[in-house]
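I opened this structure today for a first look. These are my notes, in the order I took them.

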Amino acid sequence: MIRILLAEDMHMVRGALVALLALESDLEVVAEVERGDVIVSQVLEHRPDIAIIDVDLPGLDGLSAAALLAQQTPWCRTLILTSLGRPGTLRKALAARVGGFLLKEAPPARLADAVREVAAGKRVIDPQLALAAFDNGDNPLTPREVEVLRMAADGAEAAEIAVRLFLSVGTVRNYLTTIVTKLNARNRVDAIRVARESGWLM
């Protein structure tokens, strides 16, 4: 029997997942949580073989919780189950040493199979997402360009960015133009979207 902890903050989704997993004779949900900051304590209490974790959780996000599990309870494998199918999210998950990364739109039977594979020590990654992450490549922006774009994403105008970074307004505008060009974006807003989805703007 594979013992499972399920971390999902949406009650209806969590209930549906528990019911789905209960159909499998070799899978048992031993704990359910709706917050990321209680995952480690619940794993220590219930000692599941695998934790199925959503990324977007209150208290502590799922990827940070997965990283803590890898450090503190390495015997408990992790499977990220999310609707955030972005290359950057996958890269962060891999950095957190998760055992699997599956999208919520995957067929129900795929979840049960993924749980078994991850529990057996295999790594399970959605193939299309893995390809997208590979194609996405490395961040083309310099650390200074990332800093400028992050401030722009927070709503700062060129003049404010210039003051905070001790640059001229013209230099900041040049940075923003270069960023848009490097990211193949339509404009500054599009550049922010591209950088966020690629995991380059934390």
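Predicted model: local features only at pLDDT ≥ 70, side-chain atom pairs only at ≥ 80, totals over all residues.

The entries below cover confidence, the sheet and the helix contacts.

**Confidence**

I looked up the average pLDDT of the protein and found 89. I also noted that 95% of the residues score at least 70. Next I checked the elements. Helix H6, residues 127–136, has the lowest mean pLDDT, 62. Strand E1 has the highest, 98.

**The sheet**

I turned to the strands. I found an open sheet of six strands, paired in parallel. I wrote down the order as E2-E1-E3-E4-E5-E6. Which strands sit at the edges? I found E2 (27–33) and E6 (124–125), each pairing on one side only.

I then picked one pair inside that order. Strand E3 (residues 50–53) runs parallel to strand E4 (residues 77–82), and four bridges join them. I looked for a facing pair and noted isoleucine 53 opposite isoleucine 80 in E4.

**Helices on the sheet**

Which strands does helix H4 touch? I listed E4, E5 (100–103) and E6 for this helix, which spans residues 87–95. The direction of H4 makes about 155° with that of E5.

**H7 against H9**

I moved on to helix pairs. Helix H7 (residues 143–153) packs with H9 at an angle of about 100°. I noted their axes as 10 Å apart. H7 and H9 are therefore roughly perpendicular to each other. On the H7 side I listed Arg144, Glu145, Val148, Leu149 and Ala152. On the H9 side I listed Val172, Tyr175, Leu176, Thr178, Ile179 and Lys182. I sorted this contact by class: seven nonpolar, one polar and three charged residues.

**H8 against H9**

My last entry is on helix H8 (residues 158–165) and helix H9 (residues 169–182). Their axes come within 8 Å and cross at roughly 110°. H8 and H9 are thus also noted as roughly perpendicular to each other. I recorded the crossing of H8 past H9 as right-handed. Ala158, Ala159, Ile161 and Ala162 of H8 make the contact with Val169, Val172 and Arg173 of H9. What classes of residue does the contact of H8 with H9 have? I found six nonpolar, no polar and one charged.

Notes
Residues numbered from 1 in each chain as written. Heavy atoms only, no water. Axes fitted to C-alpha atoms, helices over the stretch in contact; angles between N-to-C directions. Helix = DSSP H or I, 4+ residues; strand = E, 2+ residues; numbered from the N terminus. Parallel < 35°, antiparallel > 145°, perpendicular 65-115°, else oblique. Left-handed = near helix turned anticlockwise from the far one by under 90°. Contact = heavy atoms within 4.5 Å. Nonpolar A, V, L, I, M, F, W, Y, C, P; charged D, E, K, R; others polar. Pairing = 2+ DSSP bridges. pLDDT = per-residue confidence, 0-100.
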